[in-house]
Amino acid sequence: MVDPVLASRLQFAWTTAIHIIFPTITMGLAPFLVYWTWKEVRGDGEVYARLRRFWTKIFALTFVTGTVTGIVLEFEFGTNFASYATQVGGIFGGPLATEGLMAFFLESTMLGIFLFGRERVSDRAFLGSAFLVALGSWLSAVWILIANAWMQTPAGFKMSERAGEQVAVLTDPVAAYLTPRFFYMFTHMQTAAVLSAALFIAGIASYKLLTTDDRSAFWMKTMKVALVAMIITAPLLAVHGDAYGRHIHDTQESKMAAIEATWETGGYAPLYLVAAPTSTDNVVAPAEEDLFTVGIPWGASMLAGAGDPSTVITGFEDIEHDLPPYLLVFYSFRAMVGLGFWFIFLALWGVYRWRQGSLLDDTLLQKAMVASTGLGVLAVEFGWMVAEIGRQPWAIYGELLVSDSVSPGLTGGEAMLTLIGFVGGYLLLFGTWSYLVYRLVRSGPAAPESESTASSEEVSVQ
């Protein structure tokens, strides 16, 4: 017999994991499109018009795929998590509805002008459409993360009985929708999105430099803009992530315990680099004595307390509710952090070669960039796993269990059937998107309109 709670959780996790790829890329690409459009309307060279046209095609394709995969998520609150919608929909539904009415409407409307209006509107209006497309994509993140931040650190509400059911009633909109967690999540997510897009376009540019004879200004400018974004965002993510971790320590003790695999409450907690079960009997949740660990003494307490090794971390032994599947959280966190350090190294490497004037000569760097094309999005996936799996078993942290959120009439068979359908459907969508992006990259941008322009672009590479 299939557990409807487990099948529903797997379905939501799967659809979210695929969907998050697309908004991450569009949110990250949006500032690049604004920059290239601004350079184009200033008359700084035809290459900027070609950059804008080429990357706008990928942006539009990704936006459409993200829209299709995202709509399903909102329906799942009705099909799989109807109890959740009944109990907290009055608060949770507000940001989601606003996201659709405000952000999505703005982005999709302005995208029409941005795609087809270059010859029909003034330069100022065209640049304005690029900015509003970017604004719409970032506003979508604002409202989605307001809703998710409330799930992580709920505030500004009370539970009240209505028609025989307990429902959440809003008592303080500011406290509910502007929780401290929102600012941490938004800053971290948007910085990660820009870094992911920078890795994405740097990887594609490196692929073209490695596999074709095209050494034009187009791909070099693409590479250089991406490197500027990487050298700013990669270190910023590390600094901000450290502050974000301290905030989690202060607000979600079970997630913090899962991140650090901490059993005993106390200070001077080690930072484990490795935690592995010594037995196959209980791989998912081994007891403390069944875990092999290698760590840095006092490291976890020092990170949680901004350098103070006596900072107390609450261990699993003092957490009364069920524990999250901590090994998934533990290793997702370390994978995210490990990739973050790789991105810093990659950015420093690229900028060093740029300053040396040898970006075109370092094929090892170009191969590393190609290998890292999708790693930014993968790091976002790991971060999202830490945030969402670390919140378990709660749907609303400390208030509503996931097991109490699933639709009461849903059977395990129904949930499994739709899960299978969504696995196939989303794989098809992702495969189609990947193939179309590959076709666009293989075709490359349109050729320069004049020989003189082409010549000047080639000269500018040197």
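In this predicted model, the lining of the second largest pocket is made up of 28 nonpolar, seven polar and five charged residues. These belong to a lining of 40 residues, and those nearest the pocket centre are His188, Gly241, Phe333, Met336 and Val337. Several elements contribute at least two lining residues each, namely helices H7 (180-211), H8 (217-251), H9 (253-260), H10 (299-304), H11 (326-356) and H13 (375-389), together with strand E3 (271-277). Of these, H8 provides the largest share, with nine residues.

Helix H11 also holds Ser332. With a relative accessible area of 3%, Ser332 is buried. Leaving aside residues up to four places away in sequence, Ser332 is in contact with Phe382, Met385 and Val386.

Turning to charged side chains, the model contains nine salt bridges. One of them joins Asp362 to Arg353, with 2.7 Å between the closest N and O atoms. Here Asp362 is buried at 8% relative accessibility, whereas Arg353 is partly exposed at 26%. Glu388 and Arg391 form another salt bridge, again with the closest N and O atoms 2.7 Å apart. Both partners are buried in this case, Glu388 having a relative accessible area of 15% and Arg391 one of 5%.

A further salt bridge links the side chains of Asp44 and Lys39, at an N to O distance of 3.1 Å. Asp44 is partly exposed, with 30% relative accessible area, while Lys39 is buried at 14%. Finally, a network of salt bridges connects Glu40, Arg52, Arg118 and Asp123.

Technical notes
Residues numbered from 1 in each chain as written. Predicted model: local features only at pLDDT ≥ 70, side-chain atom pairs only at ≥ 80, totals over all residues. Heavy atoms only, no water. 1 Å grid on protein atoms, 1.4 Å probe; cavity = no way out; pocket = protein on both sides within 12 Å on 5 of 7 lines; lining within 4 Å. Helix = DSSP H or I, 4+ residues; strand = E, 2+ residues; numbered from the N terminus. Nonpolar A, V, L, I, M, F, W, Y, C, P; charged D, E, K, R; others polar. Buried < 20%, exposed > 50% of the residue type's maximum accessible area, 1.4 Å probe, protein only. Contact = heavy atoms within 4.5 Å. Salt bridge = Lys/Arg side-chain N within 4 Å of Asp/Glu carboxyl O.
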